[in-house]
Amino acid sequence: TAEQRAARAAATAAARETKNRIVAEAEEIAASDQWRVGSERLPALLEEWKSCARLDRKTDDELWKRFSSARSLFAKRRKSHYNELNAGRTAARSVKEELVARAEALASSTDWTGTAAAYRSMMADWKAAGRAGREVDDELWARFRGAQDEFFAARNAALGARDAEQSKNVTAKEELLAEAERLVPVTDPKSARGALRSIVERWNAVGPVPAG
């Protein structure tokens with residue numbers, strides 16, 4: 001009988017220690033933001049609780065109430081977190097869809113300076129919008145980046161062609177300068193004026209050269 005009493009006392013002590021540990025861990029989880037870990041750990045703690053011996057009714061009820069409250073609090077906070085997350089994703093998706101529409105509308109613009117500035121502004125807005133969910137983000141980003149790439153490829157091609165044309169103009173104007181310099185010293189003013197007039201007309205017809 002003494003041995004049985006000792007065994008029951010030991011089992012009760014072990015159960016009390018285990019249940020106190022379970023409650024302490026559950027309350028720690030309830031106050032944390034470890035949503036995935038908590039969702040996996042709390043059911044495991046519940047199964048561990050069920051395997052423990054019962055304590056006296058008052059102690060058992062008090063510990064169970066704390067454990068149950070911790071589980072309920074965690075579930076409530078987790079639900080609120082994901083509701084907020086979903087709301088944020090919905091808002092981010094709306095903002096990014098609008099940015100994609102604007103980016104695609106500007107893809108064929110030839111206002112190189114203004115549109116490039118608009119794309120920089122939209123990129124800042126994109127980063128500030130937050131996450132809309134991986135699949136949605138990937139799809140919208142591909143469209144946004146595609147519109148940007150289309151515009152900048154066209155801009156680079158146009159500016160490259162302009163630079164090439166202006167380089168030719170530099171050569172043409174350098175030849176006209178050399179022609180004008182050969183008029184000096186002037187020996188026949190009338191002939192020189194006619195030649196200079198021709199040089200000026202051709203100079204004006206050449207077109208612009210690179211600035212600087």
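Trainee: What does the backbone do just after α4?
Mentor: Gly 130 takes a positive phi of about 90° there. Helices here are DSSP runs of H or I with at least four residues, numbered from the N terminus. Keep in mind that this is a predicted model, where local features need pLDDT of at least 70, side-chain atom pairs count only at pLDDT 80 or more, and totals for chains, interfaces and linings use all residues. Residues are numbered from 1 along each chain as its sequence is written, and side-chain values use heavy atoms, with hydrogens and water left out.

Trainee: Which residues of α4 are buried?
Mentor: Trp 112, Thr 115, Ala 116, Tyr 119, Met 122, Met 123 and Trp 126. Buried means under 20% relative accessible area, exposed over 50%, and partly exposed in between, with a 1.4 Å probe and protein chains only.

Trainee: Where do they sit, seen down the axis of α4?
Mentor: They fall within an arc of 120°, so they line one face of the helix. The arc is taken from the directions from the helix axis to the C-beta atoms. Thr 113, Arg 120 and Ala 128 are the exposed residues on the face turned away from that buried side.

Trainee: And what do the buried residues of α4 pack against?
Mentor: They pack against α3 (57-106) and α5 (134-181), with contact meaning heavy atoms within 4.5 Å.

Trainee: Switching to rings, how many aromatic pairs are there?
Mentor: The structure holds 11. Rings of Phe, Tyr and Trp (its six-membered ring) pair if their centres lie within 6.5 Å; planes under 30 degrees apart count as stacked, over 60 as edge-to-face and the rest as tilted. In the pair of Tyr 119 and Phe 152, the centres are 5.9 Å apart and the planes at 45°, so this one is tilted. Tyr 119 is in helix α4 and Phe 152 in helix α5, 33 residues apart.

Trainee: Is Phe 152 buried or partly exposed?
Mentor: Partly exposed, at 25% relative accessibility, while Tyr 119 is buried at 1%. The rings of Trp 126 and Phe 144 have centres 4.9 Å apart and planes at 25°, so that pair is stacked.

Trainee: New topic: where is Lys 19?
Mentor: Lys 19 is in helix α1 (residues 2-30), and this lysine is buried, with a relative accessible area of 1%. Its side chain reaches the backbone oxygen of Ala 53 at 3.3 Å.

Technical notes. Helix = DSSP H or I, 4+ residues; strand = E, 2+ residues; numbered from the N terminus. Polar contact = N/O pair within 3.5 Å; in protein donor to acceptor, adjacent residues only side chain to side chain.
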